[in-house]
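Subject: Structure for you to look at

Hello,

Here is the structure I promised to pass on. Please open it before you read further.

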Amino acid sequence: MQQPPEHQSAVATIVGAPEVDRAIARLVLAFGTDPVARWMYDDPHQYLLHIPRLFRALGANSFEAGAAQRTSDGLGVALWLPPGVHGDDGPLEAVIAESITGEKQAEVSTVFERTEHYRPTEPHWYLSLIGVDALHRNKGCGATLLQQGLGQCDREHRPAYLWSSNRQNTSLYLRHGFEIVDTIQIGSSPGIFPMLRRAR
């Protein structure tokens with residue numbers, strides 16, 4: 001089957017308050033086969049029930065800071081946290097506590113804690129989540145979102161940090177100047193890859 005032509009998602013725009021629900025829905029679709037998301041919620045019903053709440057918890061401060069972006073066609077979403085803005089751990093911990101039980105709950109909590117160890121201590125941009133609707137991958141949406149956000153990093157001469165929950169996605173980040181700094185694997189979890197892009 002022939003590959004479709006490169007998708008023209010030429011610009012990324014801020015996700016406004018009325019668009020938050022749609023942005024969360026896109027992320028839910030984007031992460032439907034993500035190794036870490038499906039390790040957390042391997043049952044489809046549990047995934048659809050709880051992952052929107054988890055993404056809202058992860059993205060609340062990004063939406064509030066006006067740092068959440070979407071491609072102009074809405075098919076891709078990136079949730080950035082600007083320098084000095086941190087996620088609120090309380091809602092995230094509450095979702096994990098309410099939706100994951102037993103030994104896996106401790107493993108999930110430890111995974112999130114461990115990713116924080118690799119974040120720069122200097123002011124930086126943090127890419128909390130980035131996802132493209134599964135039907136529209138490999139058309140340039142992810143690259144558009146990364147280029148827009150990293151352009152801001154470069155204008156401010158700030159580093160950027162993310163952790164990839166899918167080894168297959170690391171090549172995209174490597175092409176945009178990120179480096180893998182370690183591999184995290186806790187208990188039954190898949191591999192997780194903290195990645196840093198130095199200030200330019």
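Below is what turned up in it, topic by topic. Keep in mind that this is a predicted model.

**Aromatic pairs**

Start with the rings. The structure has 5 aromatic pairs. One of them joins Phe-112 and Trp-163. Find Phe-112 in helix α5, residues 102-116. Trp-163 sits in strand β5, residues 160-164.

The cut-off for buried is under 20%.

Next, look at Tyr-126 and Tyr-161. Their ring centres lie 5.7 Å apart. The planes are at 20 degrees, so this pair counts as stacked. Tyr-126 belongs to strand β4, residues 125-132. Tyr-161 belongs to strand β5. The pair therefore ties together parts that are 35 residues apart in sequence. Tyr-126 is buried, at 7% relative accessibility. Tyr-161 is buried too, with a relative accessible area of 0%.

**Salt bridges**

Now the charged side chains. How many salt bridges are there? The count is 8.

- Arg-56 and Asp-21: the closest N and O atoms are 2.4 Å apart. Arg-56 is in helix α3 and Asp-21 is in helix α1. They are 35 residues apart, and the bridge links distant parts of the chain. Arg-56 is partly exposed, at 35% relative accessibility. Asp-21 is exposed, with a relative accessible area of 51%.
- Glu-156 and Arg-158: this salt bridge spans 3.9 Å, N to O. Glu-156 is partly exposed, at 29% relative accessibility. Arg-158 is partly exposed, also at 29%.
- Arg-198 and Glu-179: here the closest N and O atoms are 3.6 Å apart. Arg-198 is in the segment after β7 (193-197). Glu-179 is in strand β6, residues 179-180. The partners are 19 residues apart, and this bridge also links distant parts of the chain. Glu-179 is partly exposed, at 38% relative accessibility.

Why does the Glu-156 and Arg-158 pair count as a salt bridge? The rule asks for a side-chain nitrogen of Lys or Arg within 4 Å of a carboxyl oxygen of Asp or Glu. This pair has 3.9 Å, so it qualifies.

**A negative patch**

Turn to the surface. Which residues gather there in a patch of negative charge? They are Glu-64, Asp-88, Asp-89, Glu-93 and Glu-113. Take Glu-64 as your way in. Glu-64 is in helix α3, which covers residues 44-64. Glu-64 is exposed, with a relative accessible area of 66%. Helix α3 also holds Arg-56, from the bridge to Asp-21.

**A glycine in a loop**

One last spot. Gly-16 lies in the loop between β1 (12-14) and α1 (20-30). Gly-16 is partly exposed, at 24% relative accessibility. Gly-16 and Arg-70 are 54 residues apart in sequence. In space, the C-alpha atoms of Gly-16 and Arg-70 are 9.7 Å apart.

Best wishes

Methods. Residues are numbered from 1 along each chain as its sequence is written. This is a predicted model: local features need pLDDT of at least 70, side-chain atom pairs count only at pLDDT 80 or more; totals for chains, interfaces and linings use all residues. Side-chain values use heavy atoms; hydrogens and water are left out. Helices (H or I, at least four residues) and strands (E, at least two) are DSSP runs, numbered from the N terminus. Buried means under 20% relative accessible area, exposed over 50%, partly exposed in between (1.4 Å probe, protein chains only). Patches are made of residues with over 30% relative accessible area and no salt bridge: like charges are joined within 9 Å, nonpolar side chains (Val, Leu, Ile, Met, Phe, Trp, Tyr) within 5 Å. Accessible areas come from the Shrake-Rupley method with a 1.4 Å probe; for residues, only the protein chains shown count as cover. Lys and Arg count as positive and Asp and Glu as negative; His and the chain ends are not counted. The place of a charge is taken as NZ of Lys, CZ of Arg, CG of Asp or CD of Glu. Rings of Phe, Tyr and Trp (its six-membered ring) pair if their centres lie within 6.5 Å; planes under 30 degrees apart count as stacked, over 60 as edge-to-face and the rest as tilted.
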